[in-house]
Structures are given as structure tokens and as C-alpha cells.
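Biologist: Could you walk me through this model? I'd like to start with the overall picture and then go into the details.

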Amino acid sequence: VVIIPHRSGNYYHFLIEEFPDIIQEIEMISGSGKILASNSLPIFAKKLLEKFWKIEYTSDSFVFCKSLIKTPKLWNPLNPNYTSRFDRAKYYLQSLKNNEMPSKKKIFILRDSSNEIETEIARFYEKDGFFVTTLFELDIFEQINLFKNVKQVAGFAGAGFTNCLFISKPRNSKLIEISTQKIIKVWARSSASPCWEPFAHQLGL
């Protein structure tokens with residue numbers, strides 16, 4: 001049995017960190033076991049898993065197992081094994097298509113919590129031909145198709161950038177991350193890379 005707990009409802013963390021683990025664990029049982037998932041998983045996660053596998057849900061807090069195999073949880077993108085698992089998730093996700101949502105060439109992602117300044121910046125990009133969207137009204141399959149042929153993605157740092165996974169030709173595309181002076185100072189103090197720089201590097205953007 002593969003047990004899929006509810007670790008995070010965050011779009012990015014599920015697709016980039018949890019989904020590769022789930023793939024690895026399900027491939028280990030080679031289709032001969034049961035897949036048991038928490039009923040509290042977010043809706044987008046349930047829809048995604050059900051596209052690939054038959055899932056049974058439980059609201060129980062504890063599951064008894066006679067034996068347990070623990071697979072490594074690679075949360076750190078600097079881990080040398082991350083690339084292969086990242087590519088595994090990308091392979092699964094890019095196989096999904098939805099023809100109802102037309103793909104766009106230039107997308108500006110406006111966060112749900114955007115303030116007046118961010119909205120004004122989005123209008124500037126819209127005048128330059130960008131399709132402005134908040135994404136939250138679209139299900140995961142509509143988002144997959146929306147980003148399939150995109151050439152430029154812009155916006156403030158947020159989980160919506162995760163959809164760059166679905167770009168069919170990432171090396172011909174660009175990711176424009178807009179930030180604030182406050183966030184840049186935080187990065188400078190912590191010696192950390194900008195949030196989406198390692199992600200974009202992995203994709204070849």
C-alpha cells in the first residue's frame with residue numbers, strides 16, 4: 001500500500017515536492033498494491049492523482065502496516081537526486097492536456113492578494129499583449145493547457161509560477177519575476193537565491 005498523507009495544500013509544494021515522492025512510491029509497488037490517500041487533500045491534488053491512478057480515500061488518522069518501506073523525501077532542490085525526480089514529475093504532468101482552455105503566448109500572473117500597485121503593473125503588461133490572469137478560477141488541467149505554448153511568463157513571486165512546468169519548449173521561453181526592494185533585502189541578508197531562480201534553472205528558462 002502507498003499512503004499519501006496531507007502534508008501541504010500549497011500548489012507549488014505539492015507539484016514540485018510531494019508529487020515526485022508519490023510517483024516514486026507508486027512505481028515501487030508496480031501497480032500491485034493499493035493507493036490510500038487522505039480525504040483532506042486539496043481538490044486539485046485529488047483530480048491530478050485520479051488522472052493517473054485508482055485512489056482510495058480515508059479520513060482515518062492512523063493506518064496499521066505489518067512492514068514499512070521508507071523512501072527518501074528530497075525537499076531540497078540542491079540535492080543531486082532532485083533533477084531526475086523533478087524530470088519525472090514533469091514527464092507525468094506534461095502528458096496531461098485540456099483542449100477547452102486555449103494556450104497563450106504571453107501570460108501575466110496576478111496574485112489573489114494583489115494590491116493596487118501590482119494591479120497597475122499588470123495593466124502595463126496587458127497593454128503589451130500579456131494575458132492577465134489570477135489562475136484561481138481555473139482547474140489544474142486548464143492551467144496545463146494555458147501554459148503549454150507560452151513564450152513569456154511574468155508576475156510577482158507566487159505559486160502560479162509552478163505552471164512553467166507545463167511549457168512545452170522552456171528553452172525558448174522566459175520567466176520574469178517581479179519583486180520588491182524589501183524582498184530583495186531579505187535575500188541579500190540570507191545569501192539566498194531569488195525564490196524562482198533555481199526552479200527556472202531546472203527548467204532551462
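Biologist: What share of the residues in the chain is buried?

Modeller: Buried residues make up 42% of the 205 residues in the chain, where buried means under 20% relative accessible area, exposed means over 50% and partly exposed lies in between, with a 1.4 Å probe and protein chains only. Please keep in mind that this is a predicted model, in which local features need pLDDT of at least 70 and side-chain atom pairs count only at pLDDT 80 or more, while totals for chains, interfaces and linings use all residues. Residues are numbered from 1 along each chain as its sequence is written, and side-chain values use heavy atoms, with hydrogens and water left out.

Biologist: How many helices and strands are there?

Modeller: The chain has seven helices and seven strands; these are DSSP runs numbered from the N terminus, helices being H or I with at least four residues and strands E with at least two.

Biologist: And in what order do the strands of the open sheet come?

Modeller: Four strands form it in the order S5-S4-S6-S7, with parallel pairing, and two strands count as paired if DSSP finds at least two bridges between them. Strand S5 (131-133) and strand S7 (174-178) stand at the edges with a single partner strand each, so one side of each has no neighbour in the sheet.

Biologist: Which residue in S6 is the bridge partner of Ile107?

Modeller: That is Val153, and S4 (residues 106-109) and S6 (residues 152-156) pair in the parallel sense over four bridges. Helix H5 (residues 140-147) packs on the sheet, touching S4, S5 and S6, and its direction makes about 135° with that of S4; contact means heavy atoms within 4.5 Å, and angles run from 0 to 180 degrees between N-to-C directions of lines fitted to C-alpha atoms, for helices over the stretch in contact.

Biologist: Why is H1 largely enclosed?

Modeller: Because 15 of its 19 residues are buried, H1 is largely enclosed by the rest of the structure.

Biologist: Where does H1 kink?

Modeller: A kink of about 40° lies at Glu18, shortly before the proline Pro20, the bend being the angle between axes fitted to the seven residues ending at a residue and the seven starting there.
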